[in-house]
Number of protein chains: 2
Amino acid sequence: MIKIVFLGTTSGVPTKKRNLPAIFMMYKDERMLFDCGEGTQRQLMEKNLKFMKIDRIFISHWHADHFAGLLGLVQTMSLENRSEPLCIYGPTRSKEFVEQLLNIGYFERGFEVKVTELDEGDVVDCGEYEIIPFRVEHRIPALGFVFNEKEKLSANMKKAAKFGLATSPLIGDLKEGKTIKHKGKIITPKDILETHKGIKIAYTGDTKYTENIVKFAKNADVLISDSTFSSDFEERAGDFKHSTSDQAAQIAKKAGVKKLVLTHISRRYQEKNNSEKKLLDDAKKVFKNTILAKDFLEMTVK
Amino acid sequence: MIKIVFLGTTSGVPTKKRNLPAIFMMYKDERMLFDCGEGTQRQLMEKNLKFMKIDRIFISHWHADHFAGLLGLVQTMSLENRSEPLCIYGPTRSKEFVEQLLNIGYFERGFEVKVTELDEGDVVDCGEYEIIPFRVEHRIPALGFVFNEKEKLSANMKKAAKFGLATSPLIGDLKEGKTIKHKGKIITPKDILETHKGIKIAYTGDTKYTENIVKFAKNADVLISDSTFSSDFEERAGDFKHSTSDQAAQIAKKAGVKKLVLTHISRRYQEKNNSEKKLLDDAKKVFKNTILAKDFLEMTVK
């Protein structure tokens with residue numbers, strides 16, 4: 001199970017209702033952030049999300065609306081006596097920018113910040129899951145990320161029973177890939193074990209429409225997409241290399257995802273004048289299972 | 001008249017109720033900030049404070065809780081097409097730190113940011129008022145600031161009548177320092193004009209108890225003081241070079257100010273367990289006209 005909490009859902013400029021971009025995810029006891037706009041630490045506090053236990057932060061690109069909250073979050077972690085290292089991942093130049101950001105003013109940090117620069121083709125192996133960066137098309141080097149729970153092995157108990165294995169600890173050996181001998185029979189893992197697809201979440205960061213998202217979001221449980229504009233601003237979206245909500249929906253459809261969440265919403269779209277609804281409706285016409293993210297929207301994916 | 005709005009009243013770590021330090025002041029049509037902690041732009045929006053019209057930002061010292069909001073505010077000003085220059089003032093190394101902060105990532109700014117490094121003895125002349133920096137004692141170079149409305153000249157109309165001057169435009173000449181001749185009499189400015197003390201607001205930034213605040217806050221209408229701790233944490237306050245609320249009150253009393261506002265309140269003090277009340281009561285025992293700042297507290301001083 002993975003829990004997703006949207007902490008900031010605006011685009012470049014915050015509004016009274018939408019803070020700057022950040023998405024919190026929790027898988028088992030591991031907490032991570034995707035982007036960390038200004039004010040993220042306080043959004044985490046508002047939802048009691050144990051920000052001290054965040055160990056990984058993925059920055060999609062180095063525009064300030066996606067990273068300006070890092071400085072305050074890291075400082076607060078230090079004031080709260082964190083000692084565990086914090087891992088920050090992002091596109092090219094991330095090492096330089098993190099170093100620059102965390103060394104402004106007079107700030108003694110009590111823990112290590114490890115920065116890893118990623119590009120398409122890399123995989124961040126986190127044990128039971130992996131984070132896969134992929135290239136998107138924005139005005140500057142930018143990445144999307146796939147959270148990919150690894151395939152899980154489980155015994156088909158009917159098949160196991162045929163070999164008299166029922167609850168035998170030998171199933172553990174099979175899961176480790178071993179071939180075993182039981183009651184005179186040789187049993188291989190594939191005789192009994194089945195693989196189950198893990199949870200897959202794709203996040204685009206900021207990007208214009210690109211087929212590369214279709215490729216990386218293929219069959220995802222959830223696609224979280226840039227949706228800065230509604231369809232009538234397609235030209236503007238192209239100029240600024242952002243997506244419209246219906247472009248996000250086209251990608252969701254092509255990629256065959258289960259659910260689409262629109263985020264990075266320009267401040268021009270508001271609840272009060274129904275423009276937010278239009279943005280959502282544009283997408284729903286193309287891909288029905290679409291929702292519009294709001295700050296503090298919480299989802300669980302199983 | 002000056003309007004003061006407290007945008008952030010916590011110390012180093014924000015809470016659900018208190019954002020990071022920032023104070024907005026408006027004098028006539030001029031808007032300024034004293035410190036600019038993370039999230040300041042959104043606090044300004046919450047109160048509809050026309051952040052685009054802020055022309056001066058005074059940073060008391062370069063700890064991130066006092067400056068991390070600069071990056072987002074400047075970026076938003078740029079995205080909103082600001083063209084007027086923005087003046088940032090602060091202690092030594094301010095130029096280096098502002099340049100470092102505003103050049104992280106990929107950010108094209110559409111307006112000029114002018115940085116002025118200040119020290120005690122300097123005066124920022126803003127026409128009808130001046131900002132006077134003074135040294136305080138913190139762990140790093142740190143300043144307090146005095147907002148000082150200049151003395152205003154007005155005619156004593158009784159005295160003017162004796163010279164037959166009533167509503168004469170010659171009073172304007174007197175205000176310009178000229179000696180005039182009227183109905184055969186020579187009249188000097190001091191025959192008719194009286195000076196009135198302007199509004200004076202003193203803000204300490206972060207500091208331990210120091211007599212220098214007494215000197216600079218002398219007879220202020222309002223003293224806004226570091227009050228990180230209550231009296232039972234005096235030793236800790238000393239170690240971290242912050243003030244207790246009763247130390248702030250002692251300074252208010254010695255300086256003969258009219259009103260004391262306590263801010264920069266450690267997160268350990270909360271409404272729910274009455275500890276905030278204790279912090280305030282400590283101060284009130286020494287200086288009665290004391291209030292505790294809260295986020296969005298608004299004051300006008302005439």
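These legends accompany several close-up views of a predicted model.

**View 1. The two copies, chain A and chain B, and the axis between them.** Let's begin with how the chains are arranged. Chain A is superposed on chain B by a rotation of 180° with 0.0 Å of shift along its axis, at an RMSD of 0.1 Å. The two copies are thus related as by a two-fold rotation axis. Within chain A, A:G39 has the C-alpha nearest that axis, at 2.6 Å. The copies meet through the same surface, because 100% of the interface residues of chain A are interface residues in chain B as well.

**View 2. A:T40 in helix α1 of chain A.** Helix α1 covers residues 40-46 of chain A and holds A:T40. With a relative accessible area of 0%, A:T40 is buried. Leaving aside neighbours within four places in sequence, A:T40 is in contact with A:L7, A:N19, A:P21, A:A22 and A:L33, and also with B:E38 of the other chain. Look as well for A:G72, which is 32 residues from A:T40 in sequence, while their C-alpha atoms are 8.6 Å apart in space.

**View 3. The open sheet of chain B.** Seven strands are on show here, in the order β6-β5-β4-β3-β2-β1-β18, and their pairing is mixed. The edges are formed by β6 (113-117) and β18 (298-301) of chain B, each of which pairs on one side only. From one strand to the next, the twist averages 20°. Inside the sheet, strands β2 (residues 22-27) and β3 (residues 30-36) of chain B run antiparallel and are joined by 6 bridges. One bridge to find is that of B:Y27, whose partner in β3(B) is B:E30.

**View 4. Helices α3 and α4 against the sheet of chain B.** Helix α3 (residues 69-79) of chain B lies across β3, β4 (54-58), β5 (86-90) and β6, and runs at about 145° to β3(B). Helix α4 (residues 94-102) of chain B also packs on the sheet, where it touches β5 and β6. The direction of α4 makes about 150° with that of β6(B).

**View 5. I57 in the largest nonpolar core.** This core has 70 residues, and A:I57 and B:I57 touch the most other members. Not counting residues up to four places away in sequence, B:I57 touches B:L33, B:C36, B:L70, B:L73, B:L86, B:C87, B:I88 and B:Y89. A second, separate core of 30 residues includes B:L223, B:A248, B:A252 and B:A255.

View 6. Among the buried residues are B:S245, B:D246, B:Q247, B:I251 and B:A255. The buried residues of α10(B) pack against α8 (211-217), β15 (222-226), α9 (234-239), β16 (259-263) and α11 (275-286) of chain B. After α10(B) comes B:G256, with a positive phi near 65°.

**View 7. A:N103 in a loop of chain A.** To finish, here is A:N103, placed between α4 (94-102) and β6 (113-117) of chain A. A:N103 counts as partly exposed, at 43% relative accessibility. The C-alpha atoms of A:N103 and A:L71 are separated by 9.2 Å, and the two residues are 32 residues apart along the chain.

Note on methods: Residues are numbered from 1 along each chain as its sequence is written. Chains are lettered from A and ligands numbered from 1 in the order in which they are written. This is a predicted model: local features need pLDDT of at least 70, side-chain atom pairs count only at pLDDT 80 or more; totals for chains, interfaces and linings use all residues. Side-chain values use heavy atoms; hydrogens and water are left out. Helices (H or I, at least four residues) and strands (E, at least two) are DSSP runs, numbered from the N terminus. Buried means under 20% relative accessible area, exposed over 50%, partly exposed in between (1.4 Å probe, protein chains only). Copies are superposed by least squares on the C-alpha atoms of residues with pLDDT of at least 70 in both. Contact means heavy atoms within 4.5 Å. A nonpolar core is a set of buried Ala, Val, Leu, Ile, Met, Phe, Trp, Tyr and Cys residues joined through side-chain atoms within 4.5 Å. Two strands pair if DSSP finds at least two bridges between them. Axes are lines fitted to C-alpha atoms, for helices over the stretch in contact, and angles run from 0 to 180 degrees between N-to-C directions.
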